[in-house]
Amino acid sequence: AFPRRPHKLGFGGVPKGLKNFSTEQLFVIRSSSFRAGETRLSAPKNLLYVMTDHQRADSIGMVQAGVEVTPRLNALAASSANFSRAYNACPLCVPARTALATGRYPTSNGVTFNDWEGAAAGNFPTLHTLLFGEGYAVAHAGVHHIRVQPDLKHALPWAVWADAADYDAWAKLEGGIDPAAKELNKPFKKLCLDTRDGQPFEMSYSNAAVGRWPGKLSSFKDSYFTRLAENFLRAEAPGLKQPFALFVHLWSPHPPLLVPDEYARLFDPEKLDLPPNVGAISDGEPAAWRRGVPAQLAEGLSEADWRRAWSAHLGLVRLADDCLGRLLNALDASGRAAETAVVFLSDHGEHLGQHRMYQKMEMYEPAVRTPLVIRAPGVAPRTIATPVSHLDVLPTLLELFGVDAPQGLDGVSLAPALQGHNEVPQRRIFSMYAGNYGATPHRRACIDGRWKYICDPASRDEELYDLEADPLEMRNLAADPAHAARKAELRGATRAWHQASGDSVAWTGA
């Protein structure tokens, strides 16, 4: 009943002498060194890890058109550690997810753009392989945007593996839908002028057009992934003799904005309360930013267009929230909820017209901040406003589960703070963008408390924002003499991180 993949042995795979053993036999063999299974006070045994795509941090607690956008996530956040200022390592799918999985900054793990073939990917352990090495039954249902060598889907014998290719095959046979059909996707694409290694070329990107999903809700991609994950939790998890780690990577609210009927009318476009900088460019924005893909995707769109896009986006966020609810219900039904850590996050956010931009791929708050919620035994519910990084997720979970962290990680463990031993450390958080298809265009960012510095290391373009006084980032202070010293300090810190992380881009600009 569950899609599975034969595996090719790789980092974190089964040692040669054990390759013919079942997962349960491996658990018994490794039990003498299985730290995560030891009896420890307030230690989670299992993991439910749920990720969405393009979901903004401000979706938690949001009410639009009189409707609560994420009721299940709100309830989860209220019983969890809710990080209100979690920043990704890159506002782009593949590098963001690879950084999360490996705990390494994109320039450290080699995946700095949407490297679909994994040409630059390195042989690094991921959260999945590390937990499997400790005896976990590991399952994946959802999109697969992590790039390591060997490919993650061949790195271990999965209890369940289902990705977009499995969904496409199922949708054609069972759902009567071809998700890749040109006639379905053409209206939702825009041709943009992009760059690859400094050379211009044209590339189609999902635009802000809105439409209805042509099939039933049950044939939607996230419905398929959620059903498989529910089945694992209800049918397999209760009988497992070892702990499990279930990774569910939902597609919503990623464009194209094709919304099932059940969610298309939830948020009345005319009743939405849009941020005041939708359609507005910040004072002092570098001119080069207008040549980027997010700015091109926003060209010519009216307020009515943005209202329709927001309505569709929020409908898909609510769809993902309902999927989260189904997963939590299935976890409760498994009888293992009390011993399971639940993590919810997204890979990056979405501009939705703010700064007159669409999609991600820039360093403004709507794109680089994401939800991050961790519920686990021994973790007290609270909201944490100290900036943290996606790079912290791997070392935090490993410490919570009692698993030794590999050397060379770029984040820090937040477990001591979650368990009440100390506070989340105050430090600078770094993020980067290096284009979709190669090392251009360039953006690097440093978040230091209330301040954010953004630059292109290969030009003199830079920005400085006071996020406390200017949370919408509409006044660039980089040219203000009153802030010259702070700008120089953050520029120096960003350049030092740039060099220490192995960034190959020559710092010739700011």
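Residues are numbered from 1 along each chain as its sequence is written, and side-chain values rest on heavy atoms, with hydrogens and water left out. Because the model is predicted, local features require pLDDT of at least 70 and side-chain atom pairs count only at pLDDT 80 or more, whereas totals for chains, interfaces and linings use all residues.

The protein chain contains 15 helices and 21 strands, these being DSSP runs numbered from the N terminus (helices, H or I, at least four residues; strands, E, at least two). Its radius of gyration, taken over C-alpha atoms, is 22 Å, close to the 24 Å that the globule rule gives for 510 residues, so the chain is as compact as a globular protein of that length; the rule is 2.2 Å times the number of residues to the power 0.38. Along the principal axes, the C-alpha atoms fill a box of roughly 65 × 50 × 40 Å. Of the 510 residues, 60% count as buried, that is, under 20% relative accessible area with a 1.4 Å probe and protein chains only. Among contacts (heavy atoms within 4.5 Å) with a separation of 6 or more, 74% link residues 24 or more positions apart.

Helix H8, residues 221-236, comprises 16 residues and reaches 22 Å from its first C-alpha to its last, close to the 22 Å expected at 1.5 Å a residue, where the expected span is 1.5 Å times one less than the number of residues. Because 12 of its 16 residues are buried, H8 is largely enclosed by the rest of the structure; the buried residues include Tyr224, Phe225, Leu228, Phe232 and Leu233, as well as Lys221, Asp222 and Glu236. The buried residues of H8 pack against strands E6 (137-142), E7 (160-162) and E11 (244-249), and against helices H6 (164-175) and H11 (303-334).

Four strands form an open sheet with antiparallel pairing in the order E18-E19-E20-E21, pairing being assigned if DSSP finds at least two bridges between two strands. Strands E18 (429-433) and E21 (462-466) are the edges, each pairing on one side only, and neighbouring strands are turned by 15° against each other on average, direction ignored. E18 and E19 (residues 443-448) pair over five bridges, and isoleucine 429 has isoleucine 447 of E19 as its bridge partner. Helix H15 (residues 484-500) packs on this sheet, touching E18, E19, E20 (451-455) and E21, and its direction makes about 60° with that of E20; the axes are lines fitted to C-alpha atoms, for helices over the stretch in contact, with angles running from 0 to 180 degrees between N-to-C directions.

Definitions and conventions: Buried < 20%, exposed > 50% of the residue type's maximum accessible area, 1.4 Å probe, protein only.
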